[in-house]
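The sequence and structure come first.

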Amino acid sequence: RRAAEAAMATIGERISRIASANSSTWSSKEEEKAQRAKIHESQKRASAWMKEQQDAENNIVHEVAAADKAAAMKRKRQQEDEVKALMEAADQERSSASSKLAAGLVSAAAAQKAKAAAKRLPGVIVKKAKAVDGDAGGAPGDSASASTPATAATA
């Protein structure tokens with residue numbers, strides 16, 4: 001019989017039956033209202049607690065992410081500093097190597113010049129003095145007296 005009544009009932013009647021289906025657990029309307037309010041408050045507290053937990057977890061996640069980012073930036077700065085120091089050391093090495101090379105070239109050139117000068121110059125240099133035309137002592141090997149008879153014979 002209930003099935004037949006349920007089938008014949010209007011939508012409004014069905015809704016009122018569903019809404020009051022739990023009413024049988026309470027003895028009065030005031031008790032039902034108070035208990036429903038208590039359940040609602042309990043659900044609000046549970047929801048607020050869960051929201052606080054989620055916020056706390058999000059804060060922790062954000063703090064960890066910020067710490068990771070800071071650590072990554074620190075590592076990056078250290079790596080950049082190391083690379084910069086290596087580049088400066090390489091530049092200094094190149095400049096010192098080029099100055100050593102230039103100094104080596106200069107010293108090598110100076111050594112070659114000294115060696116060439118040593119080859120050109122004998123240990124003792126002796127120069128003969130040229131005889132003057134009015135010189136009374138004309139030696140037979142003297143160049144001035146030798147040239148004079150030759151020029152006289154040809155003239």
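At 37% relative accessibility, Arg-36 counts as partly exposed (buried is under 20% relative accessible area, exposed over 50%, partly exposed in between; 1.4 Å probe, protein chains only). Its salt-bridge partner is Glu-32, which is buried at 12%.

The model is predicted: local features need pLDDT of at least 70, side-chain atom pairs count only at pLDDT 80 or more, and totals for chains, interfaces and linings use all residues. Residues are numbered from 1 along each chain as its sequence is written, and side-chain values use heavy atoms, leaving out hydrogens and water.

The structure holds four salt bridges (a side-chain nitrogen of Lys or Arg within 4 Å of a carboxyl oxygen of Asp or Glu). Among them are these:

| Pair | N to O distance |
|---|---|
| Glu-32 and Arg-36 | 3.1 Å |
| Lys-51 and Asp-55 | 3.9 Å |
| Asp-91 and Arg-94 | 2.9 Å |

Asp-91 and Arg-94 are three residues apart in helix α3; Asp-91 is partly exposed at 42%, and Arg-94 is exposed at 54%.

The protein chain has four helices and zero strands (DSSP runs: H or I of at least four residues for helices, E of at least two for strands, numbered from the N terminus). Of its 155 residues, 3% count as buried.

Mean pLDDT (the predictor's confidence in each residue, from 0 to 100) is highest for helix α3 (residues 29-120), at 86, and lowest for helix α4 (residues 143-154), at 48. Where pLDDT is low, the predicted coordinates should not be read in detail.
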